Amino acid sequence: MWKIPVIIYFLFFTPTIALRAQVEWGLQKCITVALERNSNLRISKLDIDSKASDIHIARNERLPGISAFSNISSNFGQSQDIFGNSARNDNFNSNIGVSSNLSLFTFGRIKNNVLKAESTMKASQEDMELEKRNTRVEVVQAYLQVLLQKEIGRLMDSNTYFSALQVKKIQKSADAGAAALSVLYEAKASHHRDIQKQAMAEQDLDKSLLSLKQTMYLSDTVNIVVDDDISLIERLSMNYLDSERYLADLWTEHPLMKKYRYLNESLLADGKIIRSTRYPSVDLSVNVGSFYFNNLTSSFGKMAFMQQMRGNFSQQVTLSFSIPIYNKNMVKQNIQKNRYQLEQNVEQLALSKQKFYQQIEKYLVDCRNYERQLALTKDALASTQLAFSISQKSFEAGKISIYDLNNSRANLLTAESEVIQVRYNLIFAKLLVLIMTKGDI
């Protein structure tokens, strides 16, 4: 007997538990997921790891290289000396040993190679930070679009519900002979138009949800529930005006500025590397080993291998100097090319700085304009609500037609939609300023 209540409990309460257990996706969670799943960011991370390996390679150039060698060869045939005497020269020889090479003086080439590799890696890190900022902007835009479509969907639901009530009310009046059939049919037509608008709103919501999932690199089969609480996002964007106070100092810490600064450091180091090839370099080499030789024509088998290897054991220390004389003007041309690249970076940085300030100024102007528009649209909405309320009473009193009532209701829907649209435009503009100035929200 006790099984029945348990079954009833699960039938009635399991859906409720599942619904409560479904976690809502806030803006920060969506951004985190997008950053974790972004393929471009993973590629950038691999590029940074590759450049970190270049740093280790450049640093290890300071260490000596050690290698072992062994050669075995035989010679068969006849040779002639300087006096014209010919003789057989059949022999077997081999050598074995260890060699080491160390660069003693390269005129700063190794040091500048390390600096170039470090600067290149740091520039890649700033590129990755720029990609993160772009991802955050894309997620914010897609997320707010979902919330906007949900607001519009709720507005359409309310509008459809009102028109359904209007049809019922007019139907009763028509059944009682108090309302004309044309009024009833117009009410039904208006209701069907509202249902169509409601379906279009649902379709737009589905599209915006798909766009958000694609921004987070999720499949459409993944079910997400977006958090409808917009108040937290509005609080996040309230400090956007702070950016006006420190706008002049923002550029020095912007990833784009840092990127070009590191690229310039890399080019300066590369220029020093190019110039170092004009100067002599000094290398030290050390060889330790032994050799074996056996004349096959006269002494085959008479010279013991190990005895001769021990007897021929030797060490060699060599200092080699490399002095460049003529290199086909390659150094001069490479220095000129390096200078052009530096000048190009300076121009590109100035252009990027100009675009950055133009974008910031545009978004700040948008914020101020949207704030004024929001106040104006709210005033217009209040007047439109009052007008619609009067229209309802006038229609019930028979003073205006249903066409006038529908026109008044359409005006109210437009006013409400405009308030919602401007509100979300303002939030998005504020968040754009926040991301551009601080890199995050």
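**Basis.** I worked on a predicted model, where local features need pLDDT of at least 70, side-chain atom pairs count only at pLDDT 80 or more, and totals for chains, interfaces and linings use all residues. Residues are numbered from 1 along each chain as its sequence is written, and side-chain values use heavy atoms, with hydrogens and water left out.

**Pockets.** I looked for pockets on a 1 Å grid over the protein atoms alone (a pocket is an open set of points where a 1.4 Å probe fits, with protein on both sides within 12 Å along at least five of seven lines; lining residues have an atom within 4 Å of a point). Volume here is the space filled by probe spheres set on the points, which are joined across faces, edges and corners.

The largest pocket holds about 320 Å³. I found 17 residues in its lining, with Asn134, His254, Phe356, Gln359 and Met436 nearest the centre. Helix α10 gives the most, 7 residues. By class the lining has 10 nonpolar, 5 polar and 2 charged residues (nonpolar: Ala, Val, Leu, Ile, Met, Phe, Trp, Tyr, Cys and Pro; charged: Asp, Glu, Lys and Arg; polar: the others, Gly among them). Helices are DSSP runs of H or I with at least four residues, strands are runs of E with at least two, and both are numbered from the N terminus.

The second largest pocket holds about 200 Å³. Its lining includes Gln166, Lys169, Phe395 and Glu396. Here α4 gives the most, with 4 residues.

**Salt bridges.** I searched the whole structure and got 17 salt bridges (a side-chain nitrogen of Lys or Arg within 4 Å of a carboxyl oxygen of Asp or Glu).

Lys259 and Asp127 meet in one, at 3.1 Å from N to O. I checked cover next (buried is under 20% relative accessible area, exposed over 50%, partly exposed in between; 1.4 Å probe, protein chains only). Lys259 is buried at 16%, while Asp127 is partly exposed at 33%.

Arg136 is buried at 8%. Its bridge to Glu129 has closest N and O atoms 3.7 Å apart. Asp440 also bridges to Arg136, at 3.4 Å. That pair spans 304 residues, from the segment after α11 to helix α4. Shared partners join Glu129, Arg133, Arg136 and Asp440 into one network.
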